[in-house]
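Dear colleague,

I am handing over the structure below, and after it you will find my notes on what was found. Please read them with the structure open beside you.

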Amino acid sequence: MECTLKRDPLKLGIHGAMTRFERSANSPAMRQVEAYWAALRDGRQVPDRADIDPRGLEAALDVTFIAERIAPGVARMRIAGFHFSDLLGMEARGISLNALFLPETRTQISHAVDQCCDWPAQVSLALRAPGAMGQPELQGNLLLLPLRSDLGDISRILGVIGVPGQIGRAPRRFAIENITAQPLSGTAPALPEGAPDRQQADGFAESQATFDAQKDDPRLRPSRVPHLRVVDGE
């Protein structure tokens, strides 16, 4: 069953028509990330964070991120491609995912993060950034795919964004036109006995043997060139 949210994230309904996300999110990068994540599931409800290898995402690293849900509705970027820094106008690593969205839309993205981790679900969002001086209108898509942490809980998110066209003057902020959440089936192992609670554990610790993309791929390393832009008269 596929549940769709339009504007109000708390009202769920069956959505039979093909959404704009489904029509336009067919970029090679999004297809690669979704196919890679689906292959890693291998009958499980979600794959493990430790399963992620940047070599499997070779063509999509610039637009891919891994986030950690650190509180209900709040996901922080742990690793992010350069495209996110270009959209934000600053280094994206460590920034909340909410920073990509207009203030009036942040309740919706928070709800989408919780759906992704709690149901869990594969969550697709259709995005629009309004135009302004030096900022062309943008339309794009965001895909959120849940991952299981080393502690056994679902608190990591593999994401990919597709925003074609010129970004213009950063930062860019998006409204959400549509959210589609597809609940996942499969084996859902219980939290290991004695495992610490996610909020009490050092959730920022990352396995050195897994997706250390800053070491494995230069496109995900922090840029030496500042992304902040100074605009006179503002």
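In the protein chain, among contacts (heavy atoms within 4.5 Å) between residues at least 6 apart in sequence, 67% join residues that are at least 24 apart. Please bear in mind that this is a predicted model, in which local features need pLDDT of at least 70 and side-chain atom pairs count only at pLDDT 80 or more, while totals for chains, interfaces and linings use all residues. Residues are numbered from 1 along each chain as its sequence is written, and side-chain values use heavy atoms, with hydrogens and water left out.

The protein chain holds five helices and eight strands, where helices (H or I, at least four residues) and strands (E, at least two) are DSSP runs numbered from the N terminus. Read from that end, the order of the elements is β-β-α-α-β-β-α-α-β-β-β-β-α. Of the 234 residues in the protein chain, 49% count as buried, a term that stands for under 20% relative accessible area, with exposed meaning over 50% and partly exposed lying in between (1.4 Å probe, protein chains only). The protein chain exposes about 11,300 Å², of which carbon and sulfur atoms supply 52%; accessible areas come from the Shrake-Rupley method with a 1.4 Å probe, and for residues only the protein chains shown count as cover.

Helix α2 covers residues 28-41, and its 14 residues should span 20 Å at 1.5 Å a residue, which agrees with the 20 Å between its end C-alpha atoms; the expected span is 1.5 Å times one less than the number of residues. The buried residues of α2 are Ala29, Met30, Val33, Tyr36, Trp37, Leu40 and Arg41. Seen down the helix axis, these buried residues fall within an arc of 150 degrees, so they line one face of α2, the arc being that of the directions from the helix axis to the C-beta atoms. Pro28 and Ala39, on the other side of α2, are exposed. Just after α2, Asp42 takes a positive phi of about 50 degrees.

Strands β3 (residues 64-71) and β4 pair in the antiparallel sense over six bridges, where pairing requires that DSSP finds at least two bridges between two strands. Arg69 stands opposite Ala75 in β4, and in the hairpin of β3 and β4, which has two residues between the strands, Gly73 takes a positive phi near 80 degrees. Five of the seven residues of β4 (residues 74-80) are buried, so this strand is largely enclosed by the rest of the structure.

Asp114, placed in helix α4 (residues 106-118), counts as buried at 19% relative accessibility. Not counting residues up to four places away in sequence, Asp114 touches Arg69, Pro72, Gly73 and Trp119.

One aromatic pair was counted, under the rule that rings of Phe, Tyr and Trp (its six-membered ring) pair if their centres lie within 6.5 Å, with planes under 30 degrees apart counted as stacked, over 60 as edge-to-face and the rest as tilted. Phe65 and Phe84 form this edge-to-face pair, at 5.1 Å centre to centre and with 80 degrees between the planes. Phe65 lies in strand β3 and Phe84 in helix α3 (residues 82-88), so the pair ties together parts that are 19 residues apart in sequence. Both Phe65 and Phe84 are buried.

With kind regards
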